[in-house]
Amino acid sequence: MRFIPLIVAMPEVQMAIDEAIMRARIEGKVPDTVRLYAFSPSSVTIGRFQSVVHDVNLDEARRLGIPVVRRITGGGSVFHDEYGEITYSVIAGEDLHPMLKNVESSYRYLAGPLVDALKELGLDAGFSGLNDIVANGKKISGSAQTRRKGVILQHGTFMYSTRVEVLGKVLRVPRLKLQDKGISSIWERVTTLEREGIKLSRWEAYELLKDRFFNAFPLEEGELTEYELELAEKLVEERYGNPEWNEMR
C-alpha cells in the first residue's frame, strides 16, 4: 500500500485528490492508498446529498472566510479547522480485508488507527454508532464513505485542537439531533485532544497518526502520479471548484 505524506491545500484540491486517487485505483493505475492532509484555509465539507442551506450557516461561513465544498461521500457537514484538525483518507479495494465487505465493520477497520492513536495518548477511546469515534464519551472524529466498482473511499477527521466555538457557528446542528442524544449544545457532544488535556502541534498529531497507520497497514511512502495530479486538476474545474456542484440540492 502507498502512503502519501502530508498535503496542506484548499478544500477543492483535497476533495479532488481523493476522488482522483479513487478513480486511478479503480482503473488499476495505482495501489491501495492512505494519506493524511490538512485544509487551508479552514473549510466546511458537506455530504453528497446534503442541502447547503439547511446544514451550513452560509452567512457566518462567508464572514469568517470559510469555503464550503461538497464531497462525493455521504455523511453530514464537517468543519475542518486549519489550526486543529487532520483528515485521513483510505482508498482500497474491498478485497483488501474481509471486514471491508460489511459497511459497519469497514468503518472500524479503516479508522482503527485513529482509535489506536487515541488509546496511545491514554484516552478512553472507541467507536460509536456507524462512523463516529469517541474519546472519554465525546465525539472526536467522524468518517464518511463511498464505494464504486469494488473500491472504497473513506475519509474522516481527527480533531486535535479544533475551535469548537467556530464549528458551532458555521454548522447548523438540528436541535432535535441534540435532543435525541440527551444534550442541549454541541459543546456537550464534541471534544478535541486539547479539550481532553492533551496539547499537540499539527506535526505531532500527523506523526502520531502516520505511525499508527504504518502499524496497521503494509505501507510504503510514495507520491501522487502525474495521472492523478492531472485528473485532480480537472476535477477542481468540473466539480469541487464549481459553485453548481457545491450548491446543488
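Helices (H or I, at least four residues) and strands (E, at least two) are DSSP runs, numbered from the N terminus. The model is predicted: local features need pLDDT of at least 70, side-chain atom pairs count only at pLDDT 80 or more, and totals for chains, interfaces and linings use all residues. Residues are numbered from 1 along each chain as its sequence is written, and side-chain values use heavy atoms, with hydrogens and water left out.

**View 1**
The C-alpha trace spans about 50 × 45 × 35 Å along its principal axes. The radius of gyration, taken over C-alpha atoms, is compared with a globule rule of 2.2 Å times the number of residues to the power 0.38. For 249 residues a compact globule would have a value near 18 Å, and the 17 Å of the protein therefore agrees. Of the 249 residues, 54% are buried (buried means under 20% relative accessible area, exposed over 50%, partly exposed in between, with a 1.4 Å probe and protein chains only).

**View 2. The largest nonpolar core, with 50 residues.**
A nonpolar core is a set of buried Ala, Val, Leu, Ile, Met, Phe, Trp, Tyr and Cys residues joined through side-chain atoms within 4.5 Å. Val 44, Leu 193 and Phe 213 touch the most other members of this core. Helix H4 (residues 103–120) gives the largest share, 7 residues. A second, separate core has 20 residues, among them Ala 20, Val 151, Leu 224 and Leu 231.

**View 3. Leu 193 and the residues it touches.**
Contact means heavy atoms within 4.5 Å. Not counting residues up to four places away in sequence, Leu 193 touches residues including Leu 118, Ile 140, Phe 158, Tyr 160 and Leu 200.

**View 4. Leu 235 in helix H8 (residues 226–240).**
Leu 235 counts as buried because its relative accessibility is 1%. Apart from neighbours within four places in sequence, Leu 235 is in contact with Ala 16, Glu 19, Ala 20, Arg 23 and Tyr 240. Asn 136 is 99 residues from Leu 235 along the chain, and their C-alpha atoms are separated by 39 Å.

**View 5. Leu 219 in the loop between helix H7 (202–216) and strand E11 (220–221).**
With 10% relative accessibility, Leu 219 counts as buried. Its contacts, leaving aside neighbours within four places in sequence, are Met 1, Arg 2, Phe 3, Val 34, Phe 213 and Phe 214. Glu 204 lies 15 residues from Leu 219 in sequence and 20 Å from it in space, C-alpha to C-alpha.
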